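Please open the structure in your viewer and keep the sequence at hand.

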Amino acid sequence: GGIASPQDMIIENNPSKALQNINSLKIHDFAFIRRSNRITWTYAIVANFPVESGRKASVRFVTDRRGSTKIFEVKHWAKSIRLVN
């Protein structure tokens, strides 16, 4: 996906609120995800939820046209996923 600028994203500083927002995502929703370089945020689409609840809950995003994916466990959601503004 495309690289995000701050005005493209909802930046939630409260981790509890961020988790609540992210937990509202559904399959085929869009969000921005933090890339491995920990600087860049890119536009991605929710593919599925490999683990739907509990401490190991996770969400899988499709990150590009080739179908590459990235999975985030719930412990990384608040710092690595942002909703589209």
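**A tour of paired strands**

Begin by selecting strand β2 (residues 30-34) and strand β6 (residues 81-84): three bridges connect β2 with β6, and the pairing is antiparallel. Please bear in mind that this model is predicted.

Within this pair, select F32 next; its bridge partner in β6 is R82. Proceed to I33, which lies opposite I81 of β6.

Now extend the selection to the whole of strand β3 (residues 41-48). β2 and β3 run antiparallel and are joined by five bridges.

What do β2 and β3 form, and how many residues lie between them? The two strands form a hairpin, with six residues between them. Select R38 in the turn, where phi is positive, at about 65 degrees.

Why is β2 described as largely enclosed by the rest of the structure? The reason is that four of its five residues are buried, where buried denotes a relative accessible area under 20%.

β1 and β6 are antiparallel, with two bridges joining them. To end the tour, select M9 together with V84, its bridge partner in β6.

Methods:
Residues numbered from 1 in each chain as written. Predicted model: local features only at pLDDT ≥ 70, side-chain atom pairs only at ≥ 80, totals over all residues. Heavy atoms only, no water. Buried < 20%, exposed > 50% of the residue type's maximum accessible area, 1.4 Å probe, protein only. Pairing = 2+ DSSP bridges.
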